[in-house]
Amino acid sequence: MKVYIDIVFLINVYFDFILLLVTSLILKRNVSLKRIFLGSIVGGFTIVLLFFELNNLLLFIYKIIFSIFMIICTFSYKDFYYFINNLIYLYITSFVLGGFLYLIELEFSISNMFFIGIFSFIILYFYLRNLNKLKYNYNNYLKVIVKYKDKVLNLVGYIDSGNKLSDQYKNRPISLIYLVDFEYDYKDIILVPYETASGSSILKCLKVDKLIIDNKECSGLIGFMDKKIKIDGVDIILNSKYIGG
């Protein structure tokens, strides 16, 4: 069996380059493409391990060492937390790519390195795009506790930048909830007029005893929606005024 060292080296450099590039984009590291290319060349030299008879443990240790040098060459060393975060995300990205490529080879029997290289770029592009979207969305998820008389509700809240509702009486922010079985005292209800694209309407709002968002007590009203919230796992849509605390 012939092994073309130069081809294997270039393939290693290519895959290490896109892994380092995606790691840099995920963590928003301000590094140049030259530094990323330098790190990928260091990673490409793992090819030398082919010339030694190593057991699995030693092979694993040497790969970790090469990964450490790749990370330092690409991102430099600022502190331990910075370094370990870079290393962890490099391996997470590597596992994601490796898993997808294994699935593609298993399901479609594709072993051509040209197509694998193209698939790798496409896979990591969509991985990065969806990861950033998930990070943005789930950063807006907050723990919410609503206390009203003898009731305590533990909810999952989502800060919606589009929810700017407030009552005209005291300018209190209104968060929206759908609870058909929620029992309340009518004397605590405030009717708040608001405008929609289809015209004017009235929102039934409740003055609660306490509204605790992310362990901070906040002021505001709870507005009752007549439709269920369609955001994944969300019980209450928080007012945009709560953004940034």
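**Entry 1: serine 24**

I began with the contacts of serine 24. Leaving aside neighbours within four places in sequence, I found serine 24 in contact with Arg29, Val31, Ile36 and Phe75. I note that the model is a predicted one. Serine 24 has its place in helix α1. Is serine 24 buried or exposed? Its relative accessible area is 5%, and the cut-off for buried is under 20%, so I recorded serine 24 as buried.

**Entry 2: helix α1**

I next looked up the helix that holds serine 24. Helix α1 covers residues 5-26, 22 residues in total. I then listed the buried residues of α1: Val13, Phe15, Asp16, Ile18, Leu19, Leu20, Val22, Thr23, Ser24 and Ile26. Just after α1, I noted a positive phi of about 55° at lysine 28.

**Entry 3: the largest pocket**

I turned to the pockets. The largest pocket holds about 870 Å³ of space. Its lining has 27 residues, and those closest to its centre are Asn12, Asp16, Thr46, Lys63 and Ser94. Asp16 is also among the buried residues of α1. Which helices each supply at least two residues of this lining? I recorded α1, α3 (56-75), α4 (80-108) and α5 (113-139). By type, the lining of the largest pocket divides into 19 nonpolar, six polar and two charged residues.

**Entry 4: the second largest pocket**

I found about 170 Å³ of space in the second largest pocket. The residues that line it are Tyr194, Leu203, Phe224, Met225, Asp226, Lys227, Lys228 and Lys230. I sorted this lining into four nonpolar and four charged residues, with no polar ones.

Lastly I followed the strand pairing. Strand β1 (residues 141-148) pairs with strand β2 (residues 151-159) over eight bridges, in the antiparallel sense. The hairpin of β1 and β2 has two residues between the strands, and there lysine 149 takes a positive phi near 55°. Which residue of β2 is the bridge partner of leucine 142? I identified it as glycine 157. Glycine 157 also stands opposite isoleucine 236 in β9. Strand β9 (residues 236-238) is joined to β2 by three bridges, and these two strands run parallel.

Definitions and conventions. Residues numbered from 1 in each chain as written. Predicted model: local features only at pLDDT ≥ 70, side-chain atom pairs only at ≥ 80, totals over all residues. Heavy atoms only, no water. Helix = DSSP H or I, 4+ residues; strand = E, 2+ residues; numbered from the N terminus. Expected span 1.5 Å × (residues − 1). Buried < 20%, exposed > 50% of the residue type's maximum accessible area, 1.4 Å probe, protein only. Contact = heavy atoms within 4.5 Å. 1 Å grid on protein atoms, 1.4 Å probe; cavity = no way out; pocket = protein on both sides within 12 Å on 5 of 7 lines; lining within 4 Å. Points joined across faces, edges and corners; volume = space filled by probe spheres on them. Nonpolar A, V, L, I, M, F, W, Y, C, P; charged D, E, K, R; others polar. Pairing = 2+ DSSP bridges.
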